[in-house]
Amino acid sequence: MNISITINGKLVTHDIEPRISLSHFLREHLDLTGTHIGCDTSGCGACTVTLDGQAVKSCTVLAVQADGSEVTTIEGMAQGDQMHPIQEAFREHHGLQCGFCTPGMVMTAADILKNNPNPTEEEIRHGLEGNFCRCTGYHNIVKSIQHAAEQMKA
Amino acid sequence: MIPAKFDYIKASSLGEALTLLQEHGDEAKILSGGHSLIPSMKLRLATPSVLIDIGGISEMNTITEEGDEIVIGANCTHHQIATSDLVREHVNILSQAALCIGDIQVRNRGTLGGSLAHADPASDYPATVLACEATIVAEGKDGKRTIGANDFFQALFLTALQDDEIITAIRFPKVSQGTYQKFFQSASRFAVVGVAAIKKGDGVQIGVTGVSGVPFRATAVENAYDGTSSAAKHAMDGVDDIISDHFADEEYRSHLARVYVKRALEAL
């Protein structure tokens with residue numbers, strides 16, 4: 001069926017089977033491969049994007065459910081050459097090791113900071129419950145988000 | 001993983017969804033947040049040939065105060081419930097339970113109606129629904145009816161809903177004091193044990209999820225309640241069908257249930 005989704009600010013219209021997930025649609029049909037698929041059953045958070053401003057696991061949203069919505073993926077975070085403050089903070093604080101979970105971490109961090117611009121360390125850790133880092137690099141991820149919060153307030 | 005083929009229909013109103021459901025019968029499944037259904041379909045545990053998406057029906061997406069009750073539309077997400085001022089003020093225990101579910105992303109999509117209709121024995125809401133004596137409002141071909149919490153959960157993944165019915169709202173009586181205490185399954189964040197307790201006059205009402213195939217009221221504890229937590233030892237009196245898995249066997253789960261009932265009584 002035909003769907004129209006505004007992805008990273010650009011309206012995309014596509015004919016797609018209803019059984020295709022948003023994550024699959026982004027990666028295989030639009031070549032937006034920054035959204036990673038880990039567990040594919042809403043456990044790991046690697047596929048997190050924002051849907052109408054809220055972080056969601058795109059493996060568990062059908063592309064057809066997103067019809068008419070706005071989606072932001074990791075590719076939509078930077079403004080031209082200017083990285084988003086969350087991305088910049090991840091670089092600054094070495095908030096990644098292998099990098100597989102990073103796009104999902106950044107997108108979830110955006111949701112955390114949208115709802116709570118001044119989170120405590122505990123609130124950040126609670127907020128990241130749905131994102132797994134198999135390198136176990138959580139300490140620096142948390143530090144990165146703390147730093148991003150400070151930068152975004154400034 | 002890609003689910004088996006199905007037809008997808010987005011319903012724009014409750015009336016349309018009910019007509020579609022009647023038309024397609026048990027071939028169809030209702031899709032709300034999809035956070036139980038879509039993974040099940042990927043794993044081929046569910047293979048509906050038609051999905052009727054009710055996610056866009058705005059009349060089922062409101063939280064309102066009606067006299068002594070807070071009425072929550074079935075499409076409200078866990079995030080909406082956890083952050084609603086009305087819920088926080090009048091049914092705080094429900095906002096506590098909603099905040100315990102999954103993670104941010106799951107709470108942004110999963111819905112109260114969907115979770116109750118799915119009736120996963122490890123889901124969080126049933127304990128609170130039972131303790132508060134909430135009523136489930138359902139509509140089907142024969143019109144609207146309300147189902148009491150005690151009658152709603154019937155067996156593992158089985159509720160009192162008929163094939164042609166959709167949950168439209170859940171009515172919670174206002175609660176002055178309540179607490180939800182949960183032992184999290186460490187990876188999935190589902191409840192190994194979840195205990196909801198509210199004060200009612202001099203007594204308490206306690207709902208327990210995660211422990212048995214069907215969530216239950218801990219009536220033995222309610223009857224023995226003396227204002228202290230000593231009645232918690234009765235938490236498993238008369239409970240059968242105890243869940244046993246690699247996270248918690250029957251004995252450990254029963255122990256946890258008594259401990260979490262005790263904590264709930266102490267927290268009240």
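1. In this predicted model, the side chains of Thr111(B) and Ser32(B) are in polar contact, at 3.0 Å. The side chain of Thr111(B) also has a polar atom 3.0 Å from the backbone nitrogen of Gly114(B).

2. Where does Thr111(B) lie in chain B? Its place is the loop between helix 6 (104-109) and helix 7 (112-118).

3. Is Thr111(B) buried or exposed? The relative accessible area of Thr111(B) is 5%, and the cut-off for buried is under 20%, so Thr111(B) counts as buried.

4. The surroundings of Thr111(B) can be listed, leaving aside neighbours within four places in sequence. Thr111(B) is in contact with Ser32(B) and Gly33(B), and with Ala74(B), Asn75(B), Cys76(B), Thr77(B) and His78(B). Of these, Ser32(B) is the residue whose side chain is in polar contact with the side chain of Thr111(B), as noted in the opening point.

5. Chain B itself is divided into domain 1 (7-53), domain 2 (58-173) and domain 3 (178-267). The C-alpha centres of domain 1 and domain 3 of chain B are separated by 33 Å.

6. Chain A is divided into domain 1 (2-76) and domain 2 (85-153). Their C-alpha centres are 21 Å apart. To the contact between them, domain 1 of chain A gives 18 residues and domain 2 of chain A gives 13 residues.

7. How much area do domain 1 and domain 2 of chain A bury between them? The value is about 1,200 Å², with 61% of it on carbon and sulfur atoms. On the side of domain 1 of chain A, the residues that lose the most area to domain 2 of chain A are His36(A), Thr48(A) and Ile74(A); together they account for 39% of what that side buries.

8. Which polar links cross this interface? Between domain 1 and domain 2 of chain A the count of salt bridges is 0. Residue pairs in polar contact across the interface number 7, with both residues at pLDDT 80 or more.

9. On the side of domain 1 of chain A that touches domain 2 of chain A, strand 3 (48-51) and strand 4 (54-57) are the elements giving two or more residues. The residues of that side comprise 6 nonpolar, 11 polar and 1 charged.

Key: Residues are numbered from 1 along each chain as its sequence is written. Chains are lettered from A and ligands numbered from 1 in the order in which they are written. This is a predicted model: local features need pLDDT of at least 70, side-chain atom pairs count only at pLDDT 80 or more; totals for chains, interfaces and linings use all residues. Side-chain values use heavy atoms; hydrogens and water are left out. Domain bounds come from an automatic or database domain assignment. Contact means heavy atoms within 4.5 Å. Buried area is the accessible area (1.4 Å probe) that two parts lose on being put together, summed over both. A salt bridge is a side-chain nitrogen of Lys or Arg within 4 Å of a carboxyl oxygen of Asp or Glu. A polar contact is a pair of N or O atoms within 3.5 Å; within protein, one must be able to donate a hydrogen and the other to accept it, and residues adjacent in sequence count only if both atoms are side-chain atoms. Helices (H or I, at least four residues) and strands (E, at least two) are DSSP runs, numbered from the N terminus. Ala, Val, Leu, Ile, Met, Phe, Trp, Tyr, Cys and Pro count as nonpolar, Asp, Glu, Lys and Arg as charged, and the others, Gly among them, as polar. Buried means under 20% relative accessible area, exposed over 50%, partly exposed in between (1.4 Å probe, protein chains only).
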